[in-house]
Amino acid sequence: MTTRPTEDDLLAVFRRADLGGDDRLDLMEFTLVLESLGLSWTRAETQDRFEQADTNRDGFISYREFRAALDVRGWASGPLPGARS
Ligand SMILES: [Ca+2]
């Protein structure tokens, strides 16, 4: 994915990575999302981001947390819909 992801893209990426089909991502699934978005972070960085994104600290990333993290932290390569660049 080289252009900025759309909302639909992000949802598709999220659902594709959600191997358990429970609408939340564990650390391994979160890693798959990052790869899908073309983000290459080290394991430690990924773990750190995961913990930052998991705002309710239940050990999983919901789509809401995922979107919030992308918006607030600007992880994606370009500006997201509705996000500050
Ligand atoms: Ca969570």
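A: **The calcium site and its setting**

The secondary structure of this protein comes to four helices and two strands, where helices are DSSP runs of H or I with at least four residues, strands are runs of E with at least two, and both are numbered from the N terminus. Along the sequence they follow the pattern α-β-α-α-β-α. Please keep in mind that this is a predicted model, in which local features need pLDDT of at least 70 and side-chain atom pairs count only at pLDDT 80 or more, while totals for chains, interfaces and linings use all residues. Residues are numbered from 1 along each chain as its sequence is written, and side-chain values use heavy atoms, with hydrogens and water left out.

Now to the calcium ion itself. Its protein donors are Asp 54 (OD), Asn 56 (OD1), Asp 58 (OD), Phe 60 (O), Glu 65 (OE) and Glu 65 (OE), and they lie 2.3 to 2.5 Å from the ion. A donor here is an N, O or S atom within 2.8 Å of the metal (3.2 Å for Na, K and Ca); water is not among the atoms, so sites may look incomplete. Reading the donor residues in sequence gives the spacing D-x1-N-x1-D-x1-F-x4-E. The arrangement is irregular because the six donor atoms subtend angles of 53 to 155° around the calcium ion. For six donors, octahedral would require opposite donors over 155 degrees apart and all others between 65 and 115; four donors count as tetrahedral with all angles between 85 and 135 degrees, or as square planar under the same rule as octahedral, and anything else is irregular.

Glu 65, one of the donor residues, is buried, with a relative accessible area of 7% (buried is under 20%, exposed over 50%, partly exposed in between, with a 1.4 Å probe and protein chains only). Arg 57, by comparison, counts as exposed at 66% relative accessibility. Arg 57 sits in the loop between α3 and β2 (61-62), and its phi is near 55°, a positive value in a residue other than glycine. Most residues other than glycine have a negative phi.

Another positive phi turns up at Asp 23, with a value of about 60° although this residue is not a glycine. Asp 23 is found in the loop between α1 (7-17) and β1 (24-25) and, at 45% relative accessibility, counts as partly exposed.

Thr 46 lies in helix α3 (residues 43-53) and is buried, with a relative accessible area of 6%. Leaving out residues up to four places away in sequence, Thr 46 touches Leu 27, Phe 30, Thr 31, Leu 34 and Trp 41, a contact being heavy atoms within 4.5 Å. Helix α2 (residues 27-36) also holds Met 28, which is exposed at a relative accessible area of 51%. In helix α1 there is Val 13, buried with a relative accessible area of 1%.

Finally, the overall numbers. Buried residues make up 34% of the 85 residues. Among contacts with a separation of 6 or more, 44% come from residues 24 or more positions apart.
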